[in-house]
Amino acid sequence: MNCTVCGQQLKASHRFCGYCGEPSHPPGASARAESIFHDSATPVQRARLRLVRGEGREGRVFPLDGLERTVGRERGEILFEGDTTVSPEHATFYYEGGRLYVRDEGSLNGTFARIQQAVPINHGEIFLCGEQVLIFEHHQPHPVYIGTDAAIFCGTPVEAWGYRVAQLLGQKKVGLALCTSDPVLTIGREGCDLNFEQDRFISRNHARIEYREDQVMLRDLDSRNGTYFRLKEPVPLSHGDQIFIGRQLLRVELI
């Protein structure tokens, strides 16, 4: 007998799947019907989240089945108690109009979704390439500092630039940064404008910023591990979408 959700082989005496926690149903027996509330007459997409380990290895499965599920370190139905980068109540997967959505719950480190195509990026928005947490910023003129003696502070002359991409090392702490007005800025491990040679999770040519006067776009360059964008608002999810919550990578599977 196999689990109806994750497919793992079960012993006939087991009432629950030891892999994903789904109740087991003997051959020929029907599952007990459960009332599932949702706000639309549209059929709900049955879905599950699969934990993705290193090197693409698959881990635990979390069934959703039309129910709202919160992910957190202390509160929620899906807990990662050992991951201190996950907030106590981090993100929620829920249904609306028959579709599955994810919403960040104001977490410290944010919820990130892997981009499938070029997406607009605005001042102050954050994205992931490999292990690098990066921020995009338009040029902001520095305020003039006037001392108590009425003298104006004279620093190193700064060339005009349109935007920068900077590495975030902590709250308000910036590491490597590149300021430019070039229409394209590439990010990768080597041979790019912004290189992170020691990051084994970043591809040689990983992502790029396409800078135009009317809009700035972030594009993944078919990297192995993908480029992830920090969510500002709830987004609908499709089969195969990947979501980073803390250090946990979850893949959406519609079934």
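Analyst: Happy to! This is a predicted model, and its chain has an accessible surface of about 15200 Å². Carbon and sulfur atoms hold 47% of that surface.

User: Thanks! How many helices and strands are there in the chain?

Analyst: The chain has 255 residues, and 39% of them are buried. As for secondary structure, the count is zero helices and 20 strands.

User: Let's turn to strand β9. Which of its residues point one way, and which the other?

Analyst: In a regular strand, side chains alternate between the two faces of the sheet. Strand β9 covers residues 126–129, and each of these residues is buried. Phe127 and Cys129 point to one side, and the other way point Ile126 and Leu128.

User: Which residue in β10 stands opposite Leu128?

Analyst: Strand β10 spans residues 132–138 and pairs with β9 in the antiparallel sense, over four bridges. The two strands form a hairpin with two residues between them. In the turn, Gly130 has a positive phi of about 60 degrees. Across from Leu128, the residue in β10 is Val133.

User: One last thing: what share of the contacts with a separation of 6 or more comes from residues 24 or more positions apart?

Analyst: A contact here means heavy atoms within 4.5 Å. Among contacts in the chain with a separation of 6 or more, the share from residues 24 or more positions apart is 47%.

Key: Residues numbered from 1 in each chain as written. Predicted model: local features only at pLDDT ≥ 70, side-chain atom pairs only at ≥ 80, totals over all residues. Heavy atoms only, no water. Buried < 20%, exposed > 50% of the residue type's maximum accessible area, 1.4 Å probe, protein only. Pairing = 2+ DSSP bridges. Areas by Shrake-Rupley, 256 points an atom, 1.4 Å probe, with all protein chains shown as cover.
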